[in-house]
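Here are my notes on this one, as numbered points. Have the viewer open while you read.

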Amino acid sequence: MRAAVKSPPAPEVVEEKPDLGTPLLELKGISKQFPGVKALDDVSFAIWPGEVHMLLGENGAGKSSLMKCLCGAYQADTGAYFHMGEKVEIRTPTDAKKLGIAVIFQEFSLVPYLDVAQNIFLGREFKSKIPGLLDRRRLYAEAQKVLDRIGLEVDPRTKVHTLGVAQQQMVEIAKALSQDASILVMDEPTAALSDRETERLFAVMRQLQAKGTAIVYISHRMAEVFALGDRITVLRDGKNVGHAVPGETSPDQLVRMMVGRTVDMSYPRNFRAPGDVVLELKDISATTGIADINLVVRAGEIVGLCGLVGSGRTEVARAVFGADAITSGEVRVFGRIKQGGPDVAATEGIALIPESRKTEGLALIRTVSDNLAVAGLPKLFPNHLFSPGRARRSAEALIKRLRIATPSPNQSVGLLSGGNQQKVVIGKWLAAGARLFIFDEPTRGIDVGAKSEIFALIDQLVAEGAAVLMISSEQAEIVHVCDRAYVMRGRRIVGELSRSELSEENIVRMGMHDE
Amino acid sequence: MSDHALSAAQPRPRLPAIPGVAIVLVALALVFAAISPNFLSTGNLSNILVQSVILLLLAMPMTLIIMTEGLDLSMGAVLTLASLVLALTVVSTQSLVLGLAGAVGVGLAFGFVNGWLVSSLRIPPFVATLGTLGVAQGLALIVSDGQSVVGIPRFLRQVYSGETAGIPNPILIGAAFYALFHVLLYHTKFGVYIRALGGNRDALTLAGVKWQRMLVAVYMLGGAMAGVAALLLTARINAGHPTAAIGMEFDAIAAVALGGTSFERGNGWIFGTLLGVLTVGVLRNGLNLMAVPSSAQVAATGALVIVALFLDGLRSRKP
């Protein structure tokens, strides 16, 4: 498996390790292609009994895809699996189960209106002596045993939908543990847990390890990586970029491996002195869990908002736009306290360019012209009567100004390329007279060439006096494009980086380090 | 972070579990008792129960179908067709068993098609069963030639009008099937998977359960129950009639909705559906006593569904 590391690893990477004998499970040359993305590219990976194998990587590096191939939820396009040296197939979840693989999923695989016990033993029900019926007494007794083991004090008859997120995560863990698996895969199991529950989980993991269970552990928390891991594999862009052993590496080295690439992207940007404050958040907390958010965006500035997926970035954007209710604090836009929902936000000159542009930003089967007009209807047609000619003239002006590559204003938006679709979303807000733009992952699904064009456009917006708040998981983009950036972790802002402090290493370090 | 996890982990306080439908049922009964002295007589109450059984036989499988986030609009039409097949068979062969087998067979066939369309072809249940509704209704007109089937023998009528051990037959049949559905939903694998089908199909897939078959079985159960209901319907109206049960699926869906079964996430219960059926039964009966025309009764049923769901919505909307 050492030989299978094809990408040149960083020099610090431990290349050779003492021979541990035959791995419990070995994956060789796994590739998985999705339309437009190569999720996994020739990844090899092995686990030995009784070890905790840490899997590290940035968002989208392929960790979850690899786990899904391992548990049969995805079928790998190429590659082979070996169980104790023997070639095996993992095509379905049942195949994986037979090999003793159990997975704790990050997105819950629980059924809301079944109780805790029924969820734990879903698909493995206990049969009663009476044919066709279930042995409920045994179900609850067995469930209680598993719950005691992980120290979850919940009645096994509680319906899962009444539990909080942390308790649901513990039920997920109980479900995987109850399978007495020889290989246990955990996808960020502690993300929703309190310290006490986390401790309990780690204790259970140590017990399992002692019994020879192999654990694959995906984490974003450096402290966990070093506290628990016996071996570390780093993925980047769907490729296996190296292995390490905790005693012989450092958080800084791992971060460098995760970020990896020598940055060769250059986006055009003309930095200039910022103007008046356009957006100001003071101590914002919202029902979505974000707390004590303070940030400022000035005219002429592009401000980045970074952090891991789930750190609360999108929730901040939604709170500004009025899509979620704010429980405390105030949002000031152009100096005025903002109240009301998205409809008000649009008239006040705020534009939200959402991450899922195809479902939230555009009406795909409608024309370019219709899409460009839809946010600006009150502005374009002040007397409430639609005029096709006027809509077309406005659309033609925007198409020219944004250089949208479309054969005509009457083309369906769904037929345009990702980059041009994004321009239509931006154009629609320009038509509405927006002056504060909030971008959520503006370059997702856009090819490299079009990216620089989008950034040129964003630069042009701020040059004309607009203010931009940009959420991105692409740290390289934040580093190159932004005047400043805020870093989020655990639904709070944990730091601000000035232009001179902006680097991928700093962003990753702030976003994932424990205390 | 840990503060959040802890506060999120607090269990919600238990709400007093009086469903909106129970409040509506009691309120309706009180109103009718006040208006019509006849309402509370033993004879009338027994009447309400007897007249509710056909609806119960449809509403119980409808509950399970809706719990899988599905719907069966074809139930009324399939019931009509099954009733005609039953009447024709019994009239020509004088065999109750053959007649019932024919009716249940028709139901199973339609249930299979519905389930197959929904699970294998992934046609939305609303559309799939709207299509089979049309097919069943058309077949009903074809086999009956648009005419009533008359000459129903006495032994078939007895199924509805007779008594066993002093209890009207329909009540016994209804009670037996209620017990069956209760066991099915709460004490079998099938019941567990029904909740999972509506709640989280991925969980079933990951657990290695072949849920497509389960989904087909749920719709087949609905068809079979329409066949059983056909026995009571034919006995009750003493004929087979090509429009006998048109729109019955509306009452069934209304009863399920009244009972508090949700159209999402696999949240439902059979007892609620029983209450829903009784509520519809009480409403119809009371309005009959007040001599309200049946067309207005349909409108009243619809209004009632909205009231009960509004009450449930009030309770689940937390401060």
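**Notes on helix packing and the chain contact**

1. Start in chain A, where Val146(A), Leu147(A), Arg149(A) and Ile150(A) of H4(A) meet Met170(A), Ile173(A), Ala174(A) and Leu177(A) of H5(A). Contact here is C-beta atoms, placed from the backbone, within 7 Å; helices are DSSP runs of H or I with at least four residues, strands are E runs of at least two, and both are numbered from the N terminus. That contact splits into 7 nonpolar, no polar and 1 charged. Nonpolar covers Ala, Val, Leu, Ile, Met, Phe, Trp, Tyr, Cys and Pro, charged covers Asp, Glu, Lys and Arg, and the others, Gly among them, are polar.

2. Before going on: this is a predicted model, with local features needing pLDDT of at least 70 and side-chain atom pairs counted only at pLDDT 80 or more, while totals for chains, interfaces and linings use all residues. Residues are numbered from 1 along each chain as its sequence is written, and chains are lettered from A and ligands numbered from 1 in the order in which they are written.

3. As for geometry, the axes of H4(A) (residues 136–150) and H5(A) come within 10 Å and cross at roughly 115 degrees. Axes are lines fitted to C-alpha atoms, for helices over the stretch in contact, with angles from 0 to 180 degrees between N-to-C directions. The pair therefore counts as roughly perpendicular (65 to 115 degrees; under 35 is roughly parallel, over 145 roughly antiparallel, the rest oblique).

4. H9(A), residues 313–321, has 9 of its 9 residues buried, so it is largely enclosed by the rest of the structure. Buried means 20 or more other C-beta atoms within 10 Å of the residue's own, exposed 12 or fewer, partly exposed in between, with C-beta atoms placed from the backbone. Just after H9(A), Gly322(A) takes a positive phi of about 85 degrees.

5. Over in chain B, H3(B) (residues 42–67) and H12(B) (residues 248–258) pack at about 65 degrees, axes 8 Å apart. The residues of their contact divide into 10 nonpolar, 1 polar and 1 charged.

6. Have a look at Ala252(B), which sits in H12(B). It counts as buried because it has 35 C-beta neighbours inside 10 Å. Beyond its neighbours within four places in sequence, Ala252(B) is in contact with Leu55(B), Leu58(B), Ala59(B), Met62(B) and Met75(B).

7. Last, the contact between the chains takes 28 residues from chain A and 29 residues from chain B. On the chain A side, H2(A) (93–98) and H5(A) (165–177) each supply at least two residues. That side divides into 14 nonpolar, 11 polar and 3 charged.

Conventions:
Two residues are in contact if their C-beta atoms, placed from the backbone, lie within 7 Å.
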